[in-house]
Protein chains: 2
Amino acid sequence: MLLRTVLEQFKSEPVNYITSPDNRSLLYLQYILPNMNFPALLNDNLLKVATGQKPSRIPVWIMRQAGRYLPEFREIRKDHDFFELVNDPELASEVTIQPIKRYDLDAAIIFSDILVIPTAVGLEVKMEPGIGPVLPNPLKTPDDVSKLDFDADVNEKMKGTLAAITLTRHKLNGKVPLLGFVGAPWTLMSYMIEGGGSRTLTKSKSWLYKYPKESTELLSKLTDIVIRYLVAQVIAGAQMVQVFESHADLLGPELFKKFCIPTLSRIRNEVVASLKAKNIEPVPMTIFAKGAHYALNEISQLNYNVVGLDWTVDPKVGRNLVAKDTVLQGNLDPCALFGDKDSLEKNTRNMIDSFGVHNYICNLGHGIYPETPTESVQTIIDTVHSYKL
Amino acid sequence: MLLRTVLEQFKSEPVNYITSPDNRSLLYLQYILPNMNFPALLNDNLLKVATGQKPSRIPVWIMRQAGRYLPEFREIRKDHDFFELVNDPELASEVTIQPIKRYDLDAAIIFSDILVIPTAVGLEVKMEPGIGPVLPNPLKTPDDVSKLDFDADVNEKMKGTLAAITLTRHKLNGKVPLLGFVGAPWTLMSYMIEGGGSRTLTKSKSWLYKYPKESTELLSKLTDIVIRYLVAQVIAGAQMVQVFESHADLLGPELFKKFCIPTLSRIRNEVVASLKAKNIEPVPMTIFAKGAHYALNEISQLNYNVVGLDWTVDPKVGRNLVAKDTVLQGNLDPCALFGDKDSLEKNTRNMIDSFGVHNYICNLGHGIYPETPTESVQTIIDTVHSYKL
């Protein structure tokens, strides 16, 4: 009842509850009250591991678990554009919960996309079938940056995803925790310059070499909005958040240290500080920098609760590189899910044995592929849950 | 005179000098005699470093140095299809020498392509402008492998590149050594299954998980022809050869150890053995597995003379990972060449200082991009040659 009222209000009226302190009643109506009424969490294994406590089993979730490999997702998707799904709280919430209904997972992750931030600051983003995200008017020179609005109100621009988070928390009924997420500044910057996916990121990496000062400024502006958006997700009900630095693989130690580490450090510190200033308990945070094998030690010292590994890093090597007692997440090769059941079980066991069962969250090393057989996800979950702690 | 006769014969008649031992006179005419008459090598810095001797300066060459960033290359290329250039000894030789005329480099590398082997075994390969290589009829299932001819006579199929090597050796007149190269089996297999470039290699990696036995067989067949082709390159005049495992970045430690290490080991050992059996002095060999940060130690133990590093590996970290006294090659980020002269000089110096001046060959960490300013190559060469040994 109350939730419906909140959602109606959400749709009809942009809100400024953080930027306009006079709007406290709306803030209360929209977030705080529903938050207070969120159902109690029944499966806290993920949050326990992330905060250094002992879970009752190894938690497992799958990156991009709400996605095209599920027939029930494709069924909804066929009638809706990708970003229509993202921006509709009811639909986004429904597809978020689909994998939770099908599998005994230990977390849900809100259905959304890292490119909602480029959209929010004023760059059009389309999802082209068979191609992926396309930004028809990418940044060509640093002068183009001034055309964008980095002061955009995330509560207004991301109201669809924020409302979906609140709604999903209620729908989940405490079954598993709900994760929020965001694209990291460099990953967003590279999409905004390349205009879509790229195998080399030549254009955006060239900015780092040609325009180091302007690149730092752009990254700083993106960091600001990333922080505001993560805070808003937590207020909306996200119980843990993951930062995706998906394009670290084409950088290297120098560029990553110069252009990414400062932004990732600020995100962690300022999200925590901002939440504390609002008297809101900070949530655990995961950093997943795909391909950043060269910077795992530095990443593990940024005070995130969890560090994600991609599949090119041997778990034992990863454990040796990161700071002591770092909680690691990962890292099965998504292609391993195309193998038969026996080989997948064996690969999953090898991975878990190599990570060790403690300080560990089971996941893939990157998002699941659309062509993946659904039974493979079942095999991974059964295998990891067969381990006794 | 003699060379011209040989080349004419080469064009008019397929040869089988390795597979048909009765054809010794042709072998003599075609390779041995011109080889004996090759001009003396004036700049042996690269070969010295590769064989553990002290050079007079740090040698430098640039991966894909004969390519589209050079206006003189684009001038020739506009009148000829890519593979027309590859297969015409005169043209291939001309573009091979273009960067040697322009810059004070320490090696030439024959202009060719790793995909000549898929072509030789019977898969069509086209170079599509703006896209890259396309194989219109890729392998769909392991059954398709039987349609290919892995016993193809490399001397007949690759006669263009082999003749180009012999011709270029003469044209270089001993100025710098001439490198040959080949694509490594996994990299070739992935192209043959994906049908072109791919950001995920999902199809070909799926073979490794779904059809491990058939994948091993295909890789073994590719290894056989790779070995024969490298031997033929050395006989034709290549003074050093590089094996490109360009698609290692999407594997991981397990897959690489299982599917790549055995092929790379065989290539090194059997090329040496085959040359020795023919009373030909083996040449130094380089292995460059792009993205194989997770296997550098294993790679350094395969007895190649040189190990190439991509730019994601910190040179100091690389030095610590590889076996003692390994000669390393690399590894400037090709995007660094888009920076201004000062920053490029600084990045080049940082790299050299980090590698150390001994047991080191200066290069990029991957092929130079077509949009690169030609002055940037000059800057790198000037910087590296300013070091005193």
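Helices here are DSSP runs of H or I with at least four residues, strands are runs of E with at least two, and both are numbered from the N terminus. The model is predicted: local features need pLDDT of at least 70, side-chain atom pairs count only at pLDDT 80 or more, and totals for chains, interfaces and linings use all residues. Residues are numbered from 1 along each chain as its sequence is written, while chains are lettered from A and ligands numbered from 1 in the order in which they are written.

Helix 9 (residues 159–172) of chain B packs against helix 12 (residues 212–236) of chain B at about 30 degrees, with the axes 8 Å apart. Axes are lines fitted to C-alpha atoms, for helices over the stretch in contact, and angles run from 0 to 180 degrees between N-to-C directions. The two helices of chain B are therefore roughly parallel (under 35 degrees; over 145 is roughly antiparallel, 65 to 115 roughly perpendicular, the rest oblique). Helix 9 of chain B contributes B:L162, B:I165 and B:T166 to the contact, and helix 12 of chain B contributes B:A232, B:Q233 and B:A236. Contact requires C-beta atoms, placed from the backbone, within 7 Å. These residues divide into four nonpolar, two polar and no charged. Nonpolar covers Ala, Val, Leu, Ile, Met, Phe, Trp, Tyr, Cys and Pro; charged covers Asp, Glu, Lys and Arg; the others, Gly among them, are polar.

Helix 12 of chain B has 25 residues, which should span 36 Å at 1.5 Å a residue; its end C-alpha atoms are 36 Å apart, in agreement. The expected span is 1.5 Å times one less than the number of residues. B:G237 follows helix 12 of chain B and has a positive phi, near 135 degrees.

Chain B also holds an open sheet of seven strands, in the order 1-4-5-6-7-8-9, with parallel pairing. Two strands pair if DSSP finds at least two bridges between them. Strand 1 (108–109) and strand 9 (360–364) of chain B stand at the edges with a single partner strand each, so one side of each has no neighbour in the sheet. Strand 8 (residues 327–332) of chain B pairs with strand 9 of chain B in the parallel sense over five bridges. B:L328 has B:Y360 of strand 9 as its bridge partner. Helix 9 of chain B packs on this sheet, touching strand 1 and strand 4 (178–183), and its direction makes about 155 degrees with that of strand 4. Helix 12 of chain B packs on the sheet too, touching strand 4 and strand 5 (240–245), at about 170 degrees to the direction of strand 4.

In chain A, the axes of helix 9 (residues 159–172) and helix 12 come within 8 Å and cross at roughly 30 degrees. Their crossing is right-handed. Helix 12 (residues 212–236) of chain A also packs with helix 13 (residues 253–277) of chain A, at about 30 degrees and with axes 9 Å apart. This crossing is right-handed. Its contact residues include A:L219 and A:V226 of helix 12 and A:F259 and A:I267 of helix 13. They divide into 10 nonpolar, five polar and two charged.

Between the chains, the contact takes 22 residues from chain A and 22 residues from chain B. Helix 11 (residues 202–210) of chain A gives the most to the side of chain A, with five residues. That side divides into nine nonpolar, eight polar and five charged residues.

Conventions
Contact = placed C-beta atoms within 7 Å. Left-handed = near helix turned anticlockwise from the far one by under 90°.
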